[in-house]
Amino acid sequence: MTAANLTHAPRFSAADAQRLAQDFYGLSLAAEPLPSERDQNFLLRDGAAARFVLKIANRDEALEFLDLQNKLLRFLAGRDTGLEFPRLIAARSGLEIMPVSAADGSAHFVRLLTWVEGVCLADIAPHSQELLRSLGAALARLDNALAGFTHPAAQRVFHWDLRHASMAWQQLDLLPEPRRRMLQPFLDAWGELDWSPLPSGVIYNDANDYNVLVDAAGTRVVSFLDLGDVVHSAVIGDLAIALAYAMLGKRDPIAAAADVVAGYHQIRPLSEAETDALYTLAAARLCASVCHAADQARQAPHNSYLNISNQPAWALLEKLADFPAGWPREVFRRTCGYSCDARSSASLAESRRRVLGPSLSISYSRPLHIIRGWRQHLYDAGGRAYLDCVNNVAHVGHCHPRVNAAIARQMDLLNTNTRYLHEHLAEYAERLTATLPEPLRVVFLVCSGSEANELALRLARAHTKGDKLLVLDAAYHGNTSALVDISPYKFNGPGGRGKPAHVEVMPLPDIYRGPYRGADAAARYAAHVAGAARQTAGLAAFFAESASGCGGQVFFPRGYLAEAFAAVRAAGGVCVADEVQTGFGRAGSHFWMFETQGAVPDIVTMGKPIANGHPMGAVVTTREIADSFANGMEYFNTFGGNPVSCAAGLSVLDVIRDEGLQEHARVTGDYLLAGLRELSARHELIGDVRGCGLFLGIELVRDRETREPAGQEASRLVDRMKDLGVLLSTDGPHHNVIKIKPPLVFGQADADLLLEGLGSVLAGQAAQDSSSVSLTLQDFRSEPRQ
Ligand code: PMP
C-alpha cells in the first residue's frame, strides 16, 4: 500500500461542486476548494458567509468508514465536550451519503457538513500558554467522550496510526542523508516502546494544527475538524499528534508541548506509562509525516498542500535531535507529577535561606530553578529552555559527552593525589604548556581560579622577595583573604575595607570611559603602571586580567600590556596574567587573551573553563620562578592535578582542537559583534559594543555624549531577556555593561536569536518610555510558519 491513495483522489471542479450542492441538497451557493490530502472539500458560501463543507470522498474510501464518521459526528453532538462539531446534513433524497460519478466514470461519495466558525491553530501566532493549555484540555475532553464510542470500521490498519508508524519507515530510502540518520534514534525509540500498558480505544488521530479550530480571540480551542483519520489505537496517540504539531515553529518546543500536556492531564490524567510514551510518539508522528511527505511528493510533485508541514517538521526534528537525551520525557514526567526528585522552587528557596550562608546571592528577582544543561542551553524545572550567553565555565558546552565520559572512565579507575607517577598528569602538563609561549613551561595544578591566583601571589613573592602589588581598578582575582586584598571590585565594593597598604590600584585601561581614550591611550595608561612600579619599593607583581571581566568587558588599547609588563620587570616585579575568564581559545584569534596584546607574562593563572566545570585550576610559570619557589617548603594540593581532573582537562583540550572551537569563537564572535554594531546604530541606549571572540560587552548609557551609565536599564534588559529565554548578566563598576561569554559551541543561529531578542527588548523599552507597547514571551517563542 502506498502512504496515501492520492492517485485516487477525486478531481471535481468548483463548478461541479456547486452543481452537486444544487442537485443533492437544493443549495445554490458558491463553491471554493479547500486544501485536502486524500479527499476533496469545497466550502459553500452564501455571499461572504461560509455555510457548509461539501466533502467528496476518495473512491477508495470504504462506505463503512464514512458511516463511522457520520455516526461519530452524531455521537459527539450528544456529548458535553464543550466543543462544537460540524452537523451532518442529509440530501434531499434523505441519504447522508450520496454516490456520484466523476467524468472519468469513477465512483465517489458526497456528504454535506455545516461550517464551524473559527481560526486554524496554524494561522494563529503566537500561541499563548492559555491557548496551548486549552488545546490539551479540549483534546482530553474529546478523548473522554470517545471512550464511549465504538465502530467496527475503526479497527483498521492505517498508515497514520502511530502503532503502525513503521509503515512510514518504508519510505526512509527517499530521504537524503544526513536526514535519514538523524531520524534513526527517534525510530529506535518507537521500536522499543511497550504498548501493552497504554489504554486503547477509538481516537480522533489527527489534531494537526490545520484541523484545530480556535475562537476569534485566539485563546480557546473550539473544535477539531476532519474525522478521516479516526482509528482504534492507543488513546495517547491523540495527544502525541497534537504535540507534534503544537511544537512546530516554536523556539522552545518542549516548553510549548509541556503546556499542552498540562492542559490535557488536568482533564484526563495521564498514566505514568502514557506520560513516558508521549514524546516518543510525538517524535514518531513527525518522522512519519516527513516520510509520507517524501512519498507523496514523489507521487504528486505539484501538490503544495502535501509539503505544507514538511519544512517546519524537519526544522523541528533537527531541534529535537539536539535536545539532551531523555530530557523531554523528564519534562513531561514533571508536568504530570511523576518525577520523584522534584521539589518546588519555593521549597528550594526556603531551604536555601535556612541552611546556606546569606552572603550567597542568587540571580534574578524570580530565581531560576535549573535542572539540566546541554551544549549552550540550560533547562528549568518547568521544561523551559534558556540560551546560556554567560557561562564561560561550560566552555565546550554543558555536559559535553566526551568530557563527561573521560571523567567517568577515570573515576572508575583511579582518583588519587599527585604523589605518584601518572600518565594523565605528565600528558596534561605537556599539552598545557604547549599552548603557551616560551618561557612559560612549568605547571602547578590546583582546584580553582582563586587557588591559582593565590599560588601566583606566593610564586611572585618568593621570586622577588617583594610584597607589594599593582592591580587594575575594578579587578576581581578570587575569594581568599589575600585575593580580596588585591581585588578592588571587592575591597572597594559593599562590605569591603578599602585598599590595603601593600596594594596600588592602576587605572583600568578603558578607552570608552577611562581618562585616556585617544591614540596614545596605551602609553598613557601604561605610564601609570611604570610610575607606580618605579615608586614601589619591594614590588612583587602586577596582576592583570588580559581583558577585564568584572571591570565591564574592557579590552585594553593595543600594546598596553606589553608596555606595562616591561615597566614592571624593569622595577623587579613579575607580571601575572589572570586568564581565568578569558583563556582556552575564547579570544578566537588566539588561544590566550594576552597574546592579543603582543605580551608575554611571567605567570599565567587559569580556572573556570579549564575542565568544563570540573573544579580545576592551573598556574603556568617560568622555570626560574618555579625554582625560586622551591625553597624547601613543599607545595601540596590534595586534589590539584588528580588523574580525574587531568582527564577532564585533557578532554577539554581535545574537544577545543577537534571541534575547532577557537576558530568557531572567532567567526561567531565577529558575526555577533557586527550584529551588535548594527543594533547600536538603531538604539541610542547602546553606548559601546566591544569584543574579542566570544568575550563581548554591550555598554548601556543614558546619553551618548555624557556617557551616563544606564545601570537600571541594563538590569531591566537582562531580566526581560531572561523572560524571553536568553540568559545574560551585567558587570562593570556601574553595572551597565551586558556581558556575553557563552559556551564556545554557541553558534550563528544562537547569535541571531540573541540579536533578535535584544532588538525586540530594546525596541520595547524605547516604546514603553513613550507608550505601552510590550513584548510578550510568546511573541518571541513562536517562529513564523511558512
Ligand atoms: N580571576 C578571575 C578573573 C575571575 O573571574 C574569577 C572568578 N570569577 C577568579 C579569578 C576566581 O576563580 P574561582 O571562583 O574559581 O576561585
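**Stop 1: the ligand**

Select Ser450: one of its polar side-chain atoms lies 2.5 Å from an oxygen atom of the ligand. That is a polar contact, meaning a pair of N or O atoms within 3.5 Å. Before going on, note that this is a predicted model, where local features need pLDDT of at least 70, side-chain atom pairs count only at pLDDT 80 or more, and totals for chains, interfaces and linings use all residues. Residues are numbered from 1 along each chain as its sequence is written, and side-chain values use heavy atoms, with hydrogens and water left out.

Next, pick Gln581. A polar atom of its side chain sits 2.9 Å from a ligand oxygen atom. Then go to Lys608, where a side-chain N or O atom is 3.1 Å from a nitrogen atom of the ligand. Alone, the ligand would expose 390 Å², and the protein buries 84% of that (Shrake-Rupley method, 1.4 Å probe).

Now show the surrounding residues, including Tyr476, His477, Glu545 and Asp578. A residue belongs here if one of its heavy atoms lies within 4 Å. Which helix gives the most to this shell? Helix 14 (residues 449–464) does, with three residues.

**Stop 2: the cores**

Select Trp169, Leu183, Phe224 and Leu239. In the largest nonpolar core, of 97 residues, these touch the most other members. Such a core joins buried (under 20% relative accessible area, 1.4 Å probe, protein chains only) Ala, Val, Leu, Ile, Met, Phe, Trp, Tyr and Cys residues through side-chain atoms within 4.5 Å. Helix 8 (residues 272–299) gives the most to this core, with 13 residues.

Finally, find Leu470 and Tyr516. They are among the 91 residues of another core, apart from the largest one.

Methods
A polar contact is a pair of N or O atoms within 3.5 Å; within protein, one must be able to donate a hydrogen and the other to accept it, and residues adjacent in sequence count only if both atoms are side-chain atoms. Helices (H or I, at least four residues) and strands (E, at least two) are DSSP runs, numbered from the N terminus. Buried means under 20% relative accessible area, exposed over 50%, partly exposed in between (1.4 Å probe, protein chains only).
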